[in-house]
Amino acid sequence: MKQFLAFVKKEFYHILRDGRTMLILLGMPIVQILLFGFAINMEVQNIRTVIFDPAQDAITTQISRRIAANRYFNMNKYVSSFDEINRLLQQGEIDVAIVYEQNFNENLIHTKKAQLQIITDASNPNTGTIVANYVMAIIGDYQKEMLRTNSIPYQINIENKLLYNPEMRSAYTFVPGIMGLVLLVICAIMTSISIVREKERGTMEVLLASPLKSWTVLISKTIPYLTLSFVNLITILLLSVYILNVPIQGSLVLLIFISVLFIFLALSLGLLISTAVDTQVVAVLISGIGLMMPALILSGMIFPIENMPLPLQWASSIVPARWYISAVKKVMIEGLGVAHIIKELSVIIGMIIFLIGASIANIKNRLA
Amino acid sequence: MILVKNLHKTYGKVTALNNLSFTVNDGEIFGVIGPDGSGKTSLFRILASVLLPNSGSAEMNGLSVSKDFKKIRNIIGYMPGRFSLYQDLSVEENLKFFATIFSTTIEENYHLIKDIYQQIEPFKKRRAGALSGGMKQKLALSCALIHKPEVLILDEPTTGVDPVSRKEFWDMLKRLKSEGITILVSTAYMDEAGLCDRIALMREGNFIATDTPQNIINSYNETLLAVQTENMSASLSDLRNHPKVKTCFAFGNQHHITVHADLSISDLQHYLNEKGYSTVEIKAIEPTVEDCFMALTNNP
């Protein structure tokens with residue numbers, strides 16, 4: 001036990017004295033949360049808008065006001081010709097132009113039809129579509145209200161109800177994703193690097209020639225990273241609740257329990273890597289390509305799993321982060337209880353048992 | 001006592017150790033001397049129980065390095081050829097760490113390391129990575145000694161160490177020997193051979209001679225001369241071209257040559273003068289271990 005504690009203490013010295021790495025480890029979740037939260041945002045905000053309104057009647061003014069009042073739109077100005085719209089779009093000064101037809105109100109009253117054109121800059125197709133959808137949503141809302149007051153017998157209401165994430169906030173998707181990613185990076189990559197570093201620097205040779213047991217070495221290596229990732233977990237949760245306003249709907253205890261399970265999973269992955277490779281570079285490559293990329297791409301964090309081709313869907317089921325992210329989504333965002341994440345829990349536990357077994361089988365008492 | 005029988009180790013097609021057998025007695029300083037790549041490190045790793053031999057056996061105080069490795073690891077102090085301490089830990093932290101993993105304390109065996117450790121104690125707060133080569137080795141030796149091992153295995157402990165520190169290092173080994181510790185040490189420096197009780201000259205995985213340094217020197221039966229001229233590099237080939245010169249090697253600022261018994265010093269002097277060397281100095285010398293190594297390497 002004394003040996004174990006001395007080893008853990010030594011590990012903390014290594015980490016604490018490597019200020020740069022320490023900064024990266026503790027800063028990474030903060031940067032990622034802020035980056036995904038504000039910069040790499042799937043929501044389109046601050047949409048620069050101009051309006052071309054030759055009609056200038058009661059209805060167009062009301063619609064324009066609604067758009068201007070919406071928090072996603074930044075109303076720039078009214079323009080007076082298509083040429084001006086074209087010029088502004090070409091110069092990249094606006095994202096969308098809204099054009100009413102002449103006699104908008106009269107046409108609406110007499111023919112029950114009026115035309116409105118939305119011109120978006122679709123050089124980024126995603127943004128273009130999203131902006132157009134926003135405008136249509138605003139107009140649709142307005143139309144509904146109008147229909148209500150005008151009491152027309154038939155009305156068709158197309159209602160698009162977005163459950164759990166009514167505002168289509170992307171934070172709801174990426175917060176669980178980042179939790180998975182950060183825990184994976186810190187536990188798996190850092191643990192494997194720190195063990196492999198002992199091999200590379202030759203200190204493992206001395207440790208091997210000492211009465212210290214191999215598993216003592218491995219387990220003590222994981223303790224500091226377990227602590228670090230717990231700190232990170234708390235940081236992420238605090239940031240997402242208080243900065244990104246993503247509430248924890250379900251049980252906090254359950255959420256932490258899943259996270260601790262996932263931390264163990266990531267640690268055992270790190271151990272397995274470290275038993276198999278001999279240089280830090282290889283350890284980084286394996287964990288970087290073998291763990292981070294799948295965690296980013298196949299876990300459902302960025303691309304929905306249901307949209308993937310079947311082979312990729314199968315591949316995603318061996319990505320540990322997928323199960324963790326899915327469980328976190330259910331508990332944190334949807335507020336579901338333990339009964340709904342039995343599948344995720346059993347996959348994660350199964351993976352832990354497999355990985356620890358494989359690491360133990362791989363532990364060597366000697367060099368090479 | 002270390003008992004090695006038919007130890008064999010290969011890496012792919014390369015034979016590192018070729019059926020080595022030897023014995024090291026208790027309380028002896030046993031030197032393994034040979035150039036880089038002769039198999040010293042493989043041998044020491046096997047004896048330190050961190051590498052498995054392909055065949056053969058090695059026993060240390062009755063314990064097999066392959067089967068009883070857990071027990072072996074309690075009784076040996078191993079210092080690998082590469083500096084293998086934690087560079088980002090201080091001198092004191094390193095020592096304390098190794099004391100703890102061997103379930104002992106610095107205080108308990110301080111008398112063993114006192115002489116060595118006192119020299120680096122003024123720097124005990126310094127990170128090990130910032131120490132000089134000699135101090136690093138003294139720290140490494142302290143760490144290998146802190147649990148009072150019965151056998152000390154030192155792989156090239158003086159490589160890259162300045163001559164003064166090297167001498168101090170060997171003085172310490174002598175003192176440790178008087179504590180009853182068996183010391184197995186390897187070196188590429190032939191001049192350190194005389195400091196061992198017994199030496200093994202190693203080449204390509206074989207011991208080409210195992211004896212006391214004096215006996216090895218005594219068994220040398222060539223006529224050995226030292227030659228100095230004003231142009232050493234040119235004279236090397238001129239000497240080699242002389243029909244009665246058997247071997248000729250550069251030894252620092254001299255050439256050591258072995259000659260047929262019937263070649264007199266004055267004949268050789270004459271020969272070199274004819275080749276155009278004006279200052280020629282030739283004298284008969286006593287062989288060193290290095291001369292013996294060269295002779296054994298050339299006439300297997």
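## The two domains of chain B

In this predicted model, the centres of domain 1 and domain 2 of chain B, taken over C-alpha atoms, are separated by 37 Å. Domain 1 of chain B covers residues 2-212 and domain 2 covers 220-298; such bounds come from an automatic or database domain assignment. Seven residues of domain 1 of chain B and six residues of domain 2 of chain B take part in the contact between them, where two residues are in contact if their C-beta atoms, placed from the backbone, lie within 7 Å.

On the side of domain 1 of chain B that touches domain 2, strand E9 (198-203) and strand E10 (206-211) each supply at least two residues. Helices (H or I, at least four residues) and strands (E, at least two) are DSSP runs, numbered from the N terminus. By class, this side of domain 1 of chain B has five nonpolar, one polar and one charged residues. Here Ala, Val, Leu, Ile, Met, Phe, Trp, Tyr, Cys and Pro count as nonpolar, Asp, Glu, Lys and Arg as charged, and the others, Gly among them, as polar.

Residues are numbered from 1 along each chain as its sequence is written, and chains are lettered from A and ligands numbered from 1 in the order in which they are written. As the model is predicted, local features need pLDDT of at least 70 and side-chain atom pairs count only at pLDDT 80 or more, while totals for chains, interfaces and linings use all residues.

## The six-stranded sheet of chain B

Strands E9 and E10 of chain B also belong to an open sheet of six strands with the order E6-E7-E8-E3-E9-E10 and mixed pairing. Strands E6 and E10 of chain B stand at the edges with a single partner strand each, so one side of each has no neighbour in the sheet. Direction ignored, neighbouring strands of this sheet are turned by 15 degrees against each other on average. E9(B) and E10(B) run antiparallel and are joined by five bridges; two strands pair if DSSP finds at least two bridges between them. B:Met202 has B:Phe207 in E10(B) as its bridge partner.

Helix H1 (residues 40-47) of chain B lies across strands E3 (29-33), E7 (151-154), E8 (182-187) and E9 of chain B, and runs at about 155 degrees to E8(B). Axes are lines fitted to C-alpha atoms, for helices over the stretch in contact, and angles run from 0 to 180 degrees between N-to-C directions.

## Other strand pairings in chain B

Chain B has an open sheet of four strands, in the order E2-E1-E4-E5, with antiparallel pairing. Strand E2 (14-24) and strand E5 (63-64) of chain B are at its edges, each with a single partner strand, so one side of each is left without a neighbour in the sheet. Strand E4 (residues 55-60) of chain B is joined to E5(B) by two bridges, and the two strands run antiparallel. B:Leu63 in E5(B) is the bridge partner of B:Met60.

Strand E11 (residues 223-229) of chain B pairs with strand E13 (residues 254-259) of chain B in the antiparallel sense over five bridges, and B:Ala226 stands opposite B:His256 in E13(B). E11(B) is also joined by five bridges to strand E14 (residues 280-284) of chain B, again antiparallel. In that pairing B:Val227 has B:Ile282 of E14(B) as its bridge partner.

## Where the chains meet

The contact between the chains takes 24 residues from chain B and 19 residues from chain A. Helix H2 (69-75), strand E6 (76-79) and helix H3 (91-101) of chain B are the elements that give two or more residues to the side of chain B that touches chain A. H3(B) provides the largest share of this side, four residues. By class, this side of chain B has 14 nonpolar, five polar and five charged residues.

## Chain A

Chain A has 14 helices and four strands. Its radius of gyration, taken over C-alpha atoms, is 28 Å, well over the 21 Å that the globule rule gives for 368 residues, so chain A is more spread out than a compact globule; the globule rule is 2.2 Å times the number of residues to the power 0.38. Domain 1 of chain A comprises 7-40 + 169-362, and domain 2 comprises 47-150. The C-alpha centres of these two domains of chain A lie 46 Å apart.
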